[in-house]
Structure formats: structure tokens, C-alpha cells
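Try each one before you read its solution.

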Amino acid sequence: MSVLVAAHAVRKSFGRTEALRGATMSVDDGEVVAVTGRSGSGKSTLLMCLAGVLRPDAGRIEYSGGRLDELSERDRTRLRRREFGVVLQFGQLVPELTAVQNVALPLLFERHERAAAMRSAMSWLDRLGAGDVAGARPGELSGGEAQRVAIARALVTGPRAIFADEPTGALDTVSGDQVLTALLTAARSSYATVVLVTHDNRVAAHADREIVLRDGAVEPAAVAR
Ligand SMILES: Nc1ncnc2c1ncn2[C@@H]1O[C@H](COP(=O)(O)OP(=O)(O)OP(=O)(O)O)[C@@H](O)[C@H]1O
């Protein structure tokens with residue numbers, strides 16, 4: 001399998017806080033990887049560097065054989081819109097729009113025709129089990145419903161890579177499990193690569209592989225016995 005996304009010796013500081021101190025890892029095309037580690041170990045910072053949202057202070061981010069960190073802000077944004085889906089802990093939906101309009105938004109940014117965008121959005125809501133809330137606004141949704149809508153919005157463009165930061169962190173165990181299963185089923189059926197930040201071992205168990213961060217660096221993989 002070929003590597004789709006990788007970090008090499010990535011360093012990133014916020015003021016005097018060194019969030020990443022030489023993080024090196026890679027994710028294969030089509031792989032589902034969980035990034036775990038204690039609070040403050042740098043998980044979110046690593047994810048945002050991999051997704052091209054943050055630029056490392058040093059080191060390299062590679063995507064599909066090219067240097068993501070060397071692209072201009074404009075090119076990174078364009079690549080993110082076209083090839084990445086991002087899901088955060090609290091869906092971050094646009095409150096004024098209905099669920100289906102929120103899901104259609106990335107397609108409208110890409111200048112898809114409106115009726116076709118709404119049809120795709122509706123079919124993704126259905127796939128994620130949220131078709132019945134299509135006309136509701138975010139304020140009327142439960143946490144689990146809002147997260148399904150946010151996942152549909154991340155997947156509607158057919159991303160090659162999905163970056164998810166504690167996507168079920170705000171949900172109770174039962175709805176968290178359902179939402180995670182919905183995300184991974186949809187991602188696996190479209191052969192998308194997934195990088196999933198979580199502090200929850202039960203969530204990490206759904207991944208193909210786990211990468212553990214400690215103090216801003218990747219712990220060596222446990223040797224199989
Ligand atoms: N925008 C920021 N400004 C200042 N400090 C930050 C910023 N983002 C992260 N940090 C700091 O960098 C370190 C790593 O943060 P990060 O959010 O990457 O860790 P994490 O492992 O995701 O933590 P958590 O599990 O609590 O979300 C922490 O000490 C955090 O306070």
C-alpha cells in the first residue's frame with residue numbers, strides 16, 4: 001500500500017508551548033488510523049498540520065507524494081476543499097441553514113449546480129441515518145444528529161482523506177458508537193483514508209492502527225509478541 005499522508009519530524013509551537021517536538025508518522029491510502037495520547041500531547045495540532053490547516057514550524061507534511069506544507073495558503077485551501085473532509089468535536093454547522101443546506105455547502109463552494117448539490121446532500125444524509133432531519137436547523141438537532149450532519153458535510157465531496165478530531169467526543173456512549181460506525185462505514189465504502197483523533201480506547205479500537213503521541217512526538221509502535 002502506498003502512503004497517502006505523512007508527517008516527518010514536525011515541530012509546532014504556540015508561543016512557548018511546544019505542541020509538536022519532531023512528530024513522524026504516516027498513513028497509507030485507504031487506512032483508518034486513530035491518533036491517541038494524553039490531553040495536551042499534541043493530537044489536535046498534528047491533525048491540523050496533516051490537514052493543511054496549520055503550517056509546521058519545521059519538518060515536512062506530505063500528501064500524495066507532494067509537500068503540503070510548501071503550498072501557498074490559497075493552494076492548500078483549494079486542495080482541502082477538493083480532497084479533504086474535516087469533522088470536529090462540535091459539528092460547527094452554519095446555524096442559519098437547514099441540515100441539508102449545510103451538507104450541500106461544500107458542493108456549492110465548488111460551483112456545483114444547486115439542484116444536484118441538494119440531491120447529493122440529501123443522499124448523504126440518508127446514508128448517515130439523518131435523512132429525517134434534513135429540514136431542521138442545527139439548533140433543533142440533538143448532538144448525535146448534528147454530528148451525523150457534520151459527517152455528511154465532510155463526505156459529500158467524496159474526499160480522499162478524512163480528518164476527524166474527537167468526532168464523537170461530545171456524545172454519550174451509545175450515540176457516539178452509532179455515529180462512529182456511520183462515519184467509518186461511509187469512509188470505508190468510499191475507500192477514503194481516515195485520521196481520527198481520540199482519547200477514547202473504545203473509539204481507537206475501530207481503527208486499523210493506533211498511533212500514540214506523547215509530549216509532541218510519536219511513541220514507538222509496540223512490538224508484536
Ligand atoms: N492555538 C493554540 N494556542 C496556544 N496553545 C495551543 C494552541 N493549540 C494547542 N496549544 C497547546 O499545545 C499543546 C498541545 O495541544 P493539542 O490540542 O494539540 O493537544 P491534544 O493532545 O489534542 O489535547 P486534548 O486531548 O486536550 O485536545 C497544549 O499544551 C495546548 O495547550
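**Exercise 1.** Is Arg-111 buried or exposed?

*Solution.* First, two ground rules. Residues are numbered from 1 along each chain as its sequence is written. This is a predicted model, where local features need pLDDT of at least 70, side-chain atom pairs count only at pLDDT 80 or more, and totals for chains, interfaces and linings use all residues.

Step 1: learn the cut-offs. A residue is buried with 20 or more other C-beta atoms within 10 Å of its own, exposed with 12 or fewer, and partly exposed in between; C-beta atoms are placed from the backbone.

Step 2: count. Arg-111 has 7 other C-beta atoms within 10 Å, so Arg-111 is exposed.

Step 3: check the backbone. Phi of Arg-111 is positive, near 65°.

**Exercise 2.** Now try Glu-166: buried or exposed?

*Solution.* Step 1: count again. Glu-166 has 21 C-beta neighbours inside 10 Å, so Glu-166 counts as buried.

Step 1: look at phi. Glu-166 isn't a glycine, yet its phi is positive, about 45°.

**Exercise 3.** Work out which residues of α6 are buried.

*Solution.* Step 1: find the helix. Helices are DSSP runs (H or I, at least four residues), and strands are too (E, at least two), numbered from the N terminus. Helix α6 covers residues 173–189.

Step 1: list them. Gly-176, Val-179, Leu-180, Ala-182, Leu-183, Ala-186 and Ala-187 are the buried ones.

Technical notes:
The expected span of a helix is 1.5 Å times one less than its number of residues.
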